[in-house]
Amino acid sequence: QVQLVESGGGLVQAGGSLRLSCVASGRTFTNYAMGWFRQAPGKEREFVAAITWSAGTTYYADSVKGRFTISKDNAKNTVYLQMNSLKPEDTAVFYCAATEGTRWVPPSQIRAYKYWGQGTQVTVSS
């Protein structure tokens, strides 16, 4: 079992920045990657960014490339999402997620993830 706790959401004006954090705990030895997803009202949950624990390989949705940066601190079992140049369309509940298993599934695919955090609200005003 893996537990995920997100923090860092809030209200920011367009063009501003926020940094989200996600702390993973529990039995994480089969967890090979962490991801961030977001869900706006009336929309499906969509992939934002992901990173692997070992190599630090990153993955980004086209909509956030150049604006968001995912990073990690292995010693703290923590993943971050630095969000710059925020736009009103970024407004959503952001979820941290953890993969599980020995079979590789690209971290950009939601089916790779087994564990999810509670979500943190990000609101970008215009």
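## Asparagine 31 and its contacts

Apart from neighbours within four places in sequence, asparagine 31 is in contact (heavy atoms within 4.5 Å) with Trp53, Ala98 and Thr99. Asparagine 31 sits in the loop between strand S3 (18–26) and S4; strands here are DSSP E runs of at least two residues, and helices are H or I runs of at least four, each numbered from the N terminus. With a relative accessibility of 7%, asparagine 31 counts as buried, where buried means under 20% relative accessible area, exposed over 50%, and partly exposed in between (1.4 Å probe, protein chains only).

The side chain of asparagine 31 makes a polar contact with the side chain of tryptophan 53 at 2.6 Å. A polar contact is a pair of N or O atoms within 3.5 Å; within protein, one must be able to donate a hydrogen and the other to accept it, and residues adjacent in sequence count only if both atoms are side-chain atoms. The asparagine 31 side chain also reaches the backbone oxygen of alanine 33, at 2.8 Å. Asparagine 31 and glycine 101 are separated by 70 residues in sequence, and their C-alpha atoms are 6.7 Å apart in space.

## Basis of the model

The model is predicted: local features need pLDDT of at least 70 and side-chain atom pairs count only at pLDDT 80 or more, while totals for chains, interfaces and linings use all residues. Residues are numbered from 1 along each chain as its sequence is written, and side-chain values use heavy atoms, with hydrogens and water left out.

## Salt bridges

Four salt bridges are found in a search of the whole structure, a salt bridge being a side-chain nitrogen of Lys or Arg within 4 Å of a carboxyl oxygen of Asp or Glu. One of them joins aspartate 62 to lysine 65, with an N to O distance of 3.2 Å. Aspartate 62 is exposed, at 65% relative accessibility.

Another joins arginine 67 to aspartate 90 at 2.7 Å, N to O. Arginine 67 is in the loop between strand S6 (58–60) and strand S7 (68–73), and aspartate 90 in the loop between strand S8 (78–83) and strand S9 (92–99), so the pair ties together parts 23 residues apart in sequence. Arginine 67 is buried at 10% relative accessible area, as is aspartate 90 at 0%.

## Arginine 38 and the network

A network of salt bridges links Arg38, Glu46, Arg67 and Asp90. Arginine 38 belongs to strand S4 (residues 33–39) and is buried, with a relative accessible area of 6%. Its side chain meets that of glutamate 46 in a salt bridge of 2.7 Å, N to O; glutamate 46 is partly exposed, at 31% relative accessibility.

The arginine 38 side chain makes polar contacts with the side chains of aspartate 90 (2.8 Å) and serine 63 (3.5 Å). Leaving aside neighbours within four places in sequence, the residues in contact with arginine 38 include Val48, Val64, Phe68, Ala92 and Phe94.

S11 runs parallel to strand S2 (residues 10–13), and four bridges join them; two strands pair if DSSP finds at least two bridges between them. Valine 12 is opposite valine 124 in S11. The pairing of S9 with S11 is antiparallel, over three bridges, with alanine 92 opposite valine 122 in S11.
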